[in-house]
Amino acid sequence: MKDIVVIGAGKIGSTIARMLAHSGDYRVTVADRSEEQLAGIESHAAVTTKVVDIADAAAMKALLSGKFAVLSAAPYHLTVAIAEAAAAAGVHYLDLTEDVESTRQVKRIAENARTAFIPQCGLAPGFISIVANDLASRFDTLESVRMRVGALPQYPSNALNYNLTWSTDGVINEYIEPCEAIVESALIEVPALEEREEFSLDGVTYEAFNTSGGLGTLCETLKGKVRTLNYKTIRYPGHAAIMKALLNDLGLRHRREVLKDIFENALPTTTQDVVIIFVTVSGRKGGRLIQETYANKVYSAPIAGALHSAIQITTAGSICAVLDMLADGTLRAEGFVRQEEIALDAFLANRFGHHYAQEQHGARAA
C-alpha cells in the first residue's frame, strides 16, 4: 500500500479519499485547516485526518515526509505553497487547479525535481486535454481543436440555470481571468465570458463561452501545429448574460468574496447533475478535410455505496487514475508531466478512469 496525502476535505477531496481508500491499495491522510470539514470525512480503516495550516512550512514538511504523493484538492491560491512543500519533501505532486499562473509556477518548481509534478489532473483541465490530444494525433495536419465542457444541474430551477457543483472560488476565477487560445496559428489571450455560441446535444440547447484554465498546457503543446484551438464552458442559455451583469455592471469581479458569499447562500448544491464533454477536431487525413468528435455525458452515481455527483466522480476519478498510472510506472515519474502525455486508452482502461466509460453512462441516461 502506498501512503498518500490529500490536501482539502471538501466535496472533491473527500471523494478522492473515498475512492483511494476503497481501492485497497492506498493509505490516505486527509489534511485541512478546518476541523469541521475534516469531521465530514468518511470513517475508514485506511483514512486518517489531520488539521494542518498550509502556510506552516515545517508542519507541511512533517506531513509529507515519507509519503508517496500529495494530491491537492485545495483552492487554487494554495497551489504553489503545496507544490513547494512537495518539492522540499521529495514526494510526487498532483493537483486539480485551473489557474494558469499557478500552473506556470508549478512548472518552474518541477524543473529541478526528482519526483513527478502533474498539475491539472481533473476534468477540465485534465481529461479534456487527454481526449483532445488523442483525437488530434489521428490527423496528418490540424485545422481546429474545439473543447467544450460543462457541469450542470439536470433540473435547473433558478434564473442562472445553475447549482453549485464544485469549488465556488474555482468557478469565479474561471469567469474572470484571461483565457488562452490559438487564433490563426497565434497564441493569444481572450476575455472570459465572451465569444458566446449555442449548440444542441441530444435535443437540449446549451450555450458556451470562454473561461480560463480549461486548456491546461495544450496551447503550448499544439502551438505551431493548429490554426484554431479554444476552450469554452457549457451552460444553459441565459447564464452568461446574468454573470456579465454581476461581474461587470455591478463590479463584483473586484469583490470576489462578496460574490462567493452570494453564490454559497443563494445557490443550492445538488448531486443530480450531469457532466458534458464535447470535443471536435478537424484536419486533414490523406489530403481530405475530416472532422472527428468525442461527445459524452456522465451522471451522478453511487461510489462504494454512497451517491456522488457527476462532477465529484469525474474530477476525483481523473486524479485517482493519474495517481494509479504514476504508481504502476505507466507515467514518467520525474519532472513536469503534461496531461496530454497520458494515453486515452490507458486512462479509460484504468479502474478510476473507467468512470468515464461511455457504455455505462449511455445505459444510465436511457
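UniProt, in an unreviewed entry, places the feature "domain: Saccharopine dehydrogenase NADP binding" at residues 4-113; such annotations may be inferred rather than shown by experiment. Over residues 4-113 the chain is 44% helix and 22% strand, with the end C-alpha atoms 18 Å apart. Helices (H or I, at least four residues) and strands (E, at least two) are DSSP runs, numbered from the N terminus.

Please keep in mind that this is a predicted model, where local features need pLDDT of at least 70, side-chain atom pairs count only at pLDDT 80 or more, and totals for chains, interfaces and linings use all residues. Residues are numbered from 1 along each chain as its sequence is written, and side-chain values use heavy atoms, without hydrogens and water.

Now to a pair of helices. The axes (lines fitted to C-alpha atoms over the stretch in contact) of H4 and H5 come within 9 Å and cross at roughly 15°. H4 and H5 are therefore roughly parallel (angles under 35 degrees).

A pocket here is an open set of points on a 1 Å grid where a 1.4 Å probe fits, with protein on both sides within 12 Å along at least five of seven lines; lining residues have an atom within 4 Å of a point. About 190 Å³ of space lies in this second largest pocket. Among its lining residues are Val100, Arg104, Glu180 and Phe336.

| Class in the lining | Residues |
|---|---|
| nonpolar | four residues |
| polar | four residues |
| charged | four residues |

Key:
Grid points are joined across faces, edges and corners, and a volume is the space filled by probe spheres set on the points. Ala, Val, Leu, Ile, Met, Phe, Trp, Tyr, Cys and Pro count as nonpolar, Asp, Glu, Lys and Arg as charged, and the others, Gly among them, as polar. Axes are lines fitted to C-alpha atoms, for helices over the stretch in contact, and angles run from 0 to 180 degrees between N-to-C directions. Angles under 35 degrees count as roughly parallel, over 145 as roughly antiparallel, 65 to 115 as roughly perpendicular and the rest as oblique.
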